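Please look over the sequence and the model shown below before reading on. The report that follows takes up a few parts of the structure in turn, beginning with a single residue and its surroundings.

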Amino acid sequence: MTPLVSVIMGSTSDLPIMQKATDALNRLEIPFEVMALSAHRTPDEVAHFAQNAAGRGVKVIIAAAGMAAHLPGVIASMTTLPVIGVPIASTLQGLDALLAIVQMPGGIPVATVGINAAQNAALLAAQIIAQSDEKVAAKVAQDKQNLKSKIVKANDDLKGLCQYEYRVN
């Protein structure tokens, strides 16, 4: 099956965080690929990947990196596909990675989620794909409904803690 999303990380040390993205993509039944590419250690491979991703059917790229975090921006500079950056907290609690990803020059946009927020990156990728894929749109809508159901259940569970009940209309 052709991957619709590429999940790229600077090194396999990012996998514990990026597992949240792959879990979400699996839950939504969106085909994806995962690989480690480094903007600094494997620049030729990054260029080959970025320049050929769209031609292989990829619709969205999720790129994660820590520290200087150049990977999402480098990929975005070489493709017209949407790129979602995931800053990884490796030093400075991830602030360095966050700033490196969000401070892109004009003309090279990179959507950015919160530090270590790989699940949100996958959900954003799904929402992008859902714009042209009804099956994915239905799965995204169901996922949102499931989130709502969890909160409703949590509130039901919390009622037992209160002596007096307060209802929101």
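## A buried aspartate and its partner

Which residues does aspartate 143 touch, not counting residues up to four places away in sequence? In this predicted model, aspartate 143 touches Arg27, Leu28 and Leu123 when those sequence neighbours are set aside. Aspartate 143 lies in helix H6, and its relative accessible area of 11% is the reason why it counts as buried.

With one of these residues, arginine 27, aspartate 143 forms a salt bridge in which the closest N and O atoms are 2.9 Å apart. Because arginine 27 lies in helix H1 and aspartate 143 in helix H6, the pair ties together parts that are 116 residues apart in sequence. Arginine 27 itself is partly exposed, with a relative accessible area of 42%, whereas aspartate 143, at 11%, is buried. As background, side chains of opposite charge can pair when their charged atoms come close.

## Other salt bridges

The structure holds 5 salt bridges, and two others are described here. Lysine 153 forms a salt bridge with aspartate 157, with 2.9 Å between the closest N and O atoms; both residues lie in helix H6, 4 residues apart, which is about one turn of the helix. Lysine 153 and aspartate 157 are both exposed.

The side chains of lysine 159 and aspartate 156 also meet in a salt bridge, at 3.6 Å from N to O. Lysine 159 has a relative accessible area of 42% and is therefore partly exposed, and aspartate 156, with a relative accessible area of 43%, is likewise partly exposed.

In soluble globular proteins, nonpolar side chains tend to be buried together. In this model the largest nonpolar core has 29 residues, of which Val5, Met18, Ile30, Ile62 and Val86 touch the most other members. The elements that give two or more residues to this core are strands E1 (5–9), E3 (60–66) and E4 (83–88), together with helices H1 (15–27), H5 (118–130) and H6 (134–158). Helix H5 supplies the largest share of this core, 8 residues. Apart from this core lies another, of 20 residues, among them Val46, Ala76, Ala97 and Val110.

Leaving out residues up to four places away in sequence, isoleucine 62 touches Val5, Ser6, Val7, Ile8, Met18, Ile84, Val86, Ala121, Ala122 and Ala125. Isoleucine 129, which lies in helix H5, counts as buried because its relative accessibility is 5%. With its neighbours within four places in sequence left aside, isoleucine 129 is in contact with Leu4, Val5, Ile30, Lys59, Val60 and Val136. The C-alpha atoms of isoleucine 129 and leucine 4 are separated by 8.1 Å, although the two residues are 125 residues apart along the chain.

## Helix H2 and its two sides

Which residues of helix H2 (residues 43–52) are buried? They are Val46, Ala47, Phe49 and Ala50. Seen down the axis of H2, these buried residues fall within an arc of 165°, so they line one face of the helix. An α-helix has 3.6 residues a turn, so residues three or four places apart point the same way.

The cover over the buried residues of H2 includes E1, strand E2 (32–36), E3 and H3. On the other side of H2, by contrast, Asp44, His48 and Gln51 are exposed.

The buried residues of H4 are Asp96, Ala97 and Ile101. Because they cover an arc of only 125° around the axis, they are on the same side of H4. The buried residues of H4 pack against E3, helix H3 (71–76), E4 and strand E5 (111–112).

Leucine 99 also lies in helix H4 (residues 95–102), but its relative accessibility of 43% means that leucine 99 counts as partly exposed. Leucine 99 is one of the residues that make a nonpolar surface patch of about 370 Å², along with Leu92, Leu95 and Val102.

How values were computed:
Residues are numbered from 1 along each chain as its sequence is written. This is a predicted model: local features need pLDDT of at least 70, side-chain atom pairs count only at pLDDT 80 or more; totals for chains, interfaces and linings use all residues. Side-chain values use heavy atoms; hydrogens and water are left out. Patches are made of residues with over 30% relative accessible area and no salt bridge: like charges are joined within 9 Å, nonpolar side chains (Val, Leu, Ile, Met, Phe, Trp, Tyr) within 5 Å. Accessible areas come from the Shrake-Rupley method with a 1.4 Å probe; for residues, only the protein chains shown count as cover. A salt bridge is a side-chain nitrogen of Lys or Arg within 4 Å of a carboxyl oxygen of Asp or Glu. Buried means under 20% relative accessible area, exposed over 50%, partly exposed in between (1.4 Å probe, protein chains only). A nonpolar core is a set of buried Ala, Val, Leu, Ile, Met, Phe, Trp, Tyr and Cys residues joined through side-chain atoms within 4.5 Å. Contact means heavy atoms within 4.5 Å. The arc is that of the directions from the helix axis to the C-beta atoms.
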